[in-house]
Amino acid sequence: VTNERPTPDAANPPREVFSSRLREFLDKVLEGESPNYGSFCSFCYNPLPADYTRCDHCGQSTARAPLTSVPEDVLEMHRRKLKRESVVVNSFAYLGLALGLALFLVMVAINVLYMQKALWFFLFATFVFLVGSRILAGIIGGVIGDEIGYRYANKHLAEDWASHVSQRETARGQ
Ligand SMILES: [Zn+2]
């Protein structure tokens, strides 16, 4: 078997381990919307349209025959990646809610200590809490958490992927 795989450029790794087509496909399989069946690059599992003789994600030719399904290991990798992303995003969203709650408690304390428990200020604080905690959860979870979760999950996916490929190629070489 000739290995035409280009040497990976360690200084400039690809931003995504899986191609966007593969990610869409894995999402559908995990959600039960698609059977795990098709034609996939035997190097990176990118789903390949029938007339392709070269993978448009990793550049390998189809000389090494495409696979008809994605290995269970790869589905599991994708599942773990989604899980990691959502754990980080949710944690940051809760942090946003907690900050909203802290803001509310500070306003209530100010009300009790300095404003003779003014009803209008309590209602204002409640409004700030309801709106502010949503906004804070959205910004901290949806923007900051999303970016950190993306990096964190992709870093682990890249490690999972490296060990998968090394095991796979070792098995092939035997
Ligand atoms: Zn490929």
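E147 is partly exposed because its relative accessible area is 35%, where buried means under 20% relative accessible area, exposed over 50% and partly exposed in between, computed with a 1.4 Å probe on protein chains only. Its side chain meets that of R151 in a salt bridge of 2.8 Å, N to O, a salt bridge being a side-chain nitrogen of Lys or Arg within 4 Å of a carboxyl oxygen of Asp or Glu. Both E147 and R151 lie in helix α3, 4 residues apart, about one turn of the helix; helices are DSSP runs (H or I) of at least four residues, numbered from the N terminus. R151 itself is exposed, with a relative accessible area of 56%.

The model is predicted, so that local features need pLDDT of at least 70 and side-chain atom pairs count only at pLDDT 80 or more, whereas totals for chains, interfaces and linings use all residues. Residues are numbered from 1 along each chain as its sequence is written, and side-chain values use heavy atoms, with hydrogens and water left out.

A search of the whole structure finds 11 salt bridges, among them the pairs tabulated here.

| Pair | N to O distance |
|---|---|
| E147 and R151 | 2.8 Å |
| E159 and K155 | 3.3 Å |
| R23 and E16 | 3.8 Å |

E159 and K155 also both lie in helix α3, 4 residues apart. Elsewhere, E76, R79, R80, R84 and D160 are linked in a network of salt bridges.

The zinc ion has as its protein donors the SG atoms of C41, C44, C55 and C58, lying 2.3 Å from the ion; donors are N, O and S atoms within 2.8 Å of the metal (3.2 Å for Na, K and Ca), and sites may look incomplete since water is not among the atoms. The arrangement is tetrahedral because the 4 donor atoms subtend angles of 104 to 114 degrees, the criterion for four donors being that all angles lie between 85 and 135 degrees. Along the chain, the donors follow the spacing C-x2-C-x10-C-x2-C. C44 is buried at 3% relative accessibility, and C55 is buried at 4% relative accessible area.

Two non-glycine residues with positive phi can be compared. Y45, with a phi of about 65 degrees, is found in the loop between α1 and α2 and is buried at 2% relative accessibility. K117, with a phi of about 55 degrees, lies in the loop between α2 and α3 and is exposed at 62%.

Definitions and conventions. Tetrahedral: all angles 85-135°; square planar, octahedral: opposite > 155°, others 65-115°.
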